[in-house]
Amino acid sequence: MQTIDHWIDGKPVEGTSGTYGPVTDPATGVQTTRVALASATEVDTAVAAARAAYATWGTSSLAQRTAVLFRYRELLDAHRDEIADLITAEHGKVHADGLGEMARGLEIVELACGIPQLLKGELSSQVATRVDVAAIRQPLGVVAGIVPFNFPAMVPLWMFPLAIACGNTFVLKPSEKVPSAAYRLAELAARAGLPDGVLNIVNGDRVAVDRLLAHPDVAAVSFVGSTPVARHIHATATANGKRVQALGSAKNHMLVLPDADLDAAADAAVSAAYGSAGERCMAVSAVVAVGATADPLIEKITERAAKIKIGPGGDPTSEMGPLITRAHRDRVASYVHGASAQGADVVLDGTDFTVEGKEEGYWIGLSLLDKVSVDSDAYRDEIFGPVLSVLRVDTYEEGVELINASPYGNGVAIFTRDGGAARRFQLEVEAGMVGVNVPIPVPVGYHSFGGWKDSIFGDHHIYGNDGVHFYTRGKVITTRWPNPEDAGVDLGFPSHR
Ligand code: NAD
């Protein structure tokens with residue numbers, strides 16, 4: 001069986017820990033490869049390579065860095081299809097969705113190509129007589145990235161292109177469930193001319209993560225994954241003196257007002273709830289229907305859901321693929337099975353679904369729950385599967401109160417034709433990313449991505465200007481060139497004369 005190893009100092013490095021994890025095709029349930037799981041020693045080797053590379057990369061010119069990034073952008077563009085295939089083979093999502101994540105990842109490479117503009121400093125001339133002040137931003141050193149299974153290429157691309165554009169070197173720990181796409185990203189970066197050691201990959205599980213969090217040469221950690229792990233990463237890495245951005249789980253609401261275009265709202269709800277089998281941190285998992293909208297909306301969602309074609313991600317007619325593992329499939333199904341005992345109406349139950357000839361795949365159909373209570377497990381937990389809950393409220397105010405009571409605050413959307421209500425919602429809702437008649441408001445690359453509350457730990461959102469700030473630290477330089485008129489001792493506190 002083929003093994004996916006580590007990528008350290010510009011070349012493949014065999015795992016020496018002796019431990020491996022299975023990599024499975026979710027459409028068949030068959031193990032296709034195995035991935036090396038790094039020990040602390042292997043992590044140390046990767047960090048040492050990154051640290052050595054930082055000595056030259058950290059002081060390389062902006063022109064040298066952007067020359068590599070522009071070539072990298074072209075290579076990724078040329079290999080979109082191939083990487084999307086790798087994503088489908090290990091994650092299960094349909095090929096078009098893999099291409100979509102490549103497009104969103106490329107946005108950040110394109111942003112990084114413009115790093116000279118983003119890193120421009122500030123200068124205040126003559127702040128006092130013959131005194132100037134300059135502000136510059138410098139890289140941090142070695143940065144680590146730890147990423148989830150659900151975007152095998154896009155989330156790594158949210159991190160390392162901008163980090164290395166800022167002059168840092170990087171150690172990436174991909175999800176052990178989907179390691180191949182990230183590995184390919186590193187190989188292509190080397191082909192683009194990225195010097196050895198600037199981007200390293202250690203495959204592994206929590207053993208590798210915990211070593212990265214403790215390593216004295218790791219200056220900062222970017223994490224994307226579930227809230228319990230995000231909390232652990234943030235607490236541990238900050239206790240070890242590192243800068244941390246840790247993005248966590250979500251429960252994304254869609255508030256539908258009575259004046260909304262219900263056909264557009266139903267299209268949006270189905271696309272955002274069931275796309276990628278609900279395994280998106282920006283998936284809509286709770287529709288909050290105001291007043292009389294609930295019944296017609298549920299009817300329209302049900303009609304549309306019935307037409308979704310579920311099948312292997314490599315089949316161009318499939319619109320939704322399987323879930324990531326059998327255990328996750330069973331966990332998702334358990335929320336549907338438990339829903340009626342907790343007061344919900346099960347409008348659609350997709351838990352019996354399978355694909356003929358591929359019964360060992362991790363299949364599940366679309367489920368729709370109505371009259372879901374805020375105390376139920378289906379509402380309180382992030383299900384991360386194709387299960388959409390509808391909650392009924394009487395007024396806009398009740399809807400916003402319900403949404404704001406959620407511990408999560410990643411994405412949220414309002415569907416309405418009323419500009420005044422939409423504006424009020426933008427200001428009142430407690431979430432980091434708001435859509436107005438847009439169900440999955442993932443910010444474009446030159447704005448930053450991030451939630452509020454338990455959906456993020458740390459002060460910086462990811463990519464965009466926040467990304468540049470996260471991967472650099474500010475320095476302010478006050479300059480006075482010798483002049484005979486300034487001579488003389490002055491023990492007073494420096495003032496602005
Ligand atoms: P996860 O938290 O289980 O794993 C994320 C990463 O952490 C993986 O690389 C994994 O190997 C590592 N890890 C897992 N358990 C660990 C532990 N105990 N200690 C140290 N490291 C550990 O998440 P996942 O299941 O891979 O991904 C799905 C989750 O990610 C969902 O909750 C989803 O909402 C979230 N997510 C959030 C965003 C966002 O931008 N907020 C984006 C994508 C996914």
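# Exercises on burial, contacts, domains and a ligand shell

V270 is buried, since 23 other C-beta atoms lie within 10 Å of its own. A residue is called buried if 20 or more other C-beta atoms lie within 10 Å of its own, exposed if 12 or fewer, and partly exposed in between, with C-beta atoms placed from the backbone. The model is predicted: local features need pLDDT of at least 70, side-chain atom pairs count only at pLDDT 80 or more, and totals for chains, interfaces and linings use all residues. Residues are numbered from 1 along each chain as its sequence is written.

## Exercise 1

Solution: 
Step 1. Helices (H or I, at least four residues) and strands (E, at least two) are DSSP runs, numbered from the N terminus.
Step 2. Two residues are in contact if their C-beta atoms, placed from the backbone, lie within 7 Å.
Step 3. K300 is 30 residues from V270 along the chain, and their C-alpha atoms are separated by 9.5 Å.

## Exercise 2

Task: Decide whether V224 is buried or exposed, and find its contacts.

Solution: 
Step 1. V224 sits in strand β11 (residues 218–224).
Step 2. V224 counts as buried because 28 C-beta neighbours are inside 10 Å.
Step 3. With neighbours within four places in sequence left aside, V224 is in contact with V147, P148, V155 and L247.
Step 4. The C-alpha atoms of V224 and I456 are separated by 8.9 Å, while the two residues are 232 apart along the chain.

## Exercise 3

Task: Decide whether E401 is buried or exposed, and state how far E401 and E428 are apart in space.

Solution: 
Step 1. Helix α14 (residues 396–404) contains E401.
Step 2. E401 has 12 C-beta neighbours inside 10 Å and therefore counts as exposed.
Step 3. From C-alpha to C-alpha, E401 and E428 are 9.4 Å apart in space, and they are 27 residues apart in sequence.

## Exercise 4

Task: Locate R130 and F384, and give the phi of R130 and of F384.

Solution: 
Step 1. R130 is in the loop between β6 (122–128) and β7 (131–139). Its phi is near 60 degrees, a positive value in a residue other than glycine.
Step 2. R130 counts as partly exposed, because 13 C-beta neighbours are inside 10 Å.
Step 3. F384 is in the loop between α13 (377–380) and β17 (387–393). F384 is not a glycine either, yet has a positive phi of about 60 degrees.
Step 4. F384 is buried, because 22 other C-beta atoms lie within 10 Å.

## Exercise 5

Task: Name the domains of the chain and describe the side of domain 1 that touches domain 2.

Solution: 
Step 1. The assignment gives domain 1 (3–248 + 455–477) and domain 2 (252–436). Such bounds come from an automatic or database domain assignment.
Step 2. Taken over C-alpha atoms, the centres of domain 1 and domain 2 are separated by 31 Å.
Step 3. In domain 1, 17 residues are in contact with 24 residues of domain 2.
Step 4. On the side of domain 1 that touches domain 2, α3 (80–91) and α4 (95–113) each supply at least two residues. By class, this side of domain 1 has 5 nonpolar, 9 polar and 3 charged residues. Ala, Val, Leu, Ile, Met, Phe, Trp, Tyr, Cys and Pro count as nonpolar, Asp, Glu, Lys and Arg as charged, and the others, Gly among them, as polar.

## Exercise 6

Task: Find which residues touch the most other members of the largest nonpolar core, and explain where this core lies.

Solution: 
Step 1. A nonpolar core is a set of buried Ala, Val, Leu, Ile, Met, Phe, Trp, Tyr and Cys residues joined through C-beta atoms within 7 Å.
Step 2. The largest such core has 159 residues, of which V221, V256, A269 and V287 touch the most other members.
Step 3. Helix α6 (residues 154–165) gives the largest share of this core, 10 residues.
Step 4. This core lies between domain 1 and domain 2, because both give residues to it.
Step 5. The contacts of V221, not counting residues up to four places away in sequence, include A144, I146, L212 and L213.

## Exercise 7

Task: Describe the shell around the ligand by nearest residues, class and domain.

Solution: 
Step 1. There are 28 residues around the ligand, and P148, R206, G225, S226 and C281 come nearest. A residue is near a molecule or strand if its C-beta atom, placed from the backbone, lies within 6 Å of it.
Step 2. The shell around the ligand consists of 13 nonpolar, 10 polar and 5 charged residues.
Step 3. α8 (206–214) and α9 (227–239) each supply at least two residues of this shell.
Step 4. Domain 1 and domain 2 each give at least three residues to the shell around the ligand.
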